Amino acid sequence: MLEISHLSKTYPGGKKAVEDLSFSVQSGEIVGFIGHNGAGKTTTLRCVAGILDYTQGTITIGGHDIHTDPVLAKQITAFLPDNPDLYEFLTGIAYLKFIADLYSIPKQERTQRIGKYADAFEMTDALGDPIGS
């Protein structure tokens, strides 16, 4: 499912965050990714998610290379950042439409789903508010 081979990431100025990392995770496996602060855990995960470019190596998700097939790789995975700064400026409805676009959910179906679940969770009135609020 996830294959990381000889991954390296060097930041401008020469700081190596990840050096020659290789491992794989098969479908159905649960893996803990641990290490001290500054070990490169977050950098690795951001590279896997396609948010951060890397210096060397390959990353494939479900057989799709994150560089050559980024959309296909991202469609079969998810990334939840450790903080929501990326999304705070979006309104709830804008975020849900963004996610629906990622998964190619037709407009009529997304409208129906959003309405159903927003009502069920009593969030309809808040959908126009920024997520950060």
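This is a predicted model: local features need pLDDT of at least 70, side-chain atom pairs count only at pLDDT 80 or more; totals for chains, interfaces and linings use all residues.
Visitor: What is the volume of the largest pocket?
Guide: Let's start with what surrounds it. The largest pocket has 42 lining residues, and those nearest its centre are Ala 49, Thr 77, Ala 78, Phe 79 and Leu 80. Its volume comes out at about 1,300 Å³.

Visitor: Which element gives the most to the lining of the largest pocket?
Guide: The elements that each give two or more residues to this lining are β1, β2, α1, α2 and α3. With six residues, the one that gives the most is α1.

Visitor: How many nonpolar residues are in the lining of the largest pocket?
Guide: Let's go class by class. Six of the lining residues are charged and nine are polar. That leaves the nonpolar class, with 27.

Visitor: Which residues lie nearest the centre of the second largest pocket?
Guide: This pocket holds about 420 Å³ of space. Helices α3 and α4 each supply at least two residues of its lining, and the lining divides into 15 nonpolar, one polar and three charged residues. Out of 19 lining residues, the ones nearest the centre are Gly 92, Tyr 95, Leu 96, Ile 114 and Leu 127.

Visitor: Which residues have the most contacts inside the largest nonpolar core?
Guide: In soluble globular proteins, nonpolar side chains tend to be buried together. Here the largest nonpolar core has 13 residues, and β1, β2, α1 and β3 each give two or more residues to this core. The residues with the most contacts inside it are Leu 2 and Ile 59.

Visitor: Which residues is Ile 59 in contact with, leaving aside its neighbours within four places in sequence?
Guide: Let's walk along the chain. Among the contacts of Ile 59 are Leu 2, Glu 3, Ile 4 and Leu 7. Further along come Cys 47, Val 48, Tyr 54, His 64, Asp 65 and Ile 66.

Visitor: Is His 6 buried, partly exposed or exposed?
Guide: His 6 sits in strand β1, and its phi is near 55°, a positive value in a residue other than glycine. Buried means under 20% and exposed means over 50%. Because its relative accessibility is 46%, His 6 counts as partly exposed.

Visitor: And Ser 104, is that residue buried or exposed?
Guide: Ser 104 also has a positive phi, near 55°, and it is found in the loop between α3 and α4. Its relative accessibility is 55%, so Ser 104 counts as exposed.

Methods:
Residues are numbered from 1 along each chain as its sequence is written. Side-chain values use heavy atoms; hydrogens and water are left out. Helices (H or I, at least four residues) and strands (E, at least two) are DSSP runs, numbered from the N terminus. Buried means under 20% relative accessible area, exposed over 50%, partly exposed in between (1.4 Å probe, protein chains only). On a 1 Å grid over the protein atoms alone, a cavity is a set of points where a 1.4 Å probe fits but cannot get out, and a pocket is an open set with protein on both sides within 12 Å along at least five of seven lines; lining residues have an atom within 4 Å of a point. Grid points are joined across faces, edges and corners, and a volume is the space filled by probe spheres set on the points. Ala, Val, Leu, Ile, Met, Phe, Trp, Tyr, Cys and Pro count as nonpolar, Asp, Glu, Lys and Arg as charged, and the others, Gly among them, as polar. A nonpolar core is a set of buried Ala, Val, Leu, Ile, Met, Phe, Trp, Tyr and Cys residues joined through side-chain atoms within 4.5 Å. Contact means heavy atoms within 4.5 Å.
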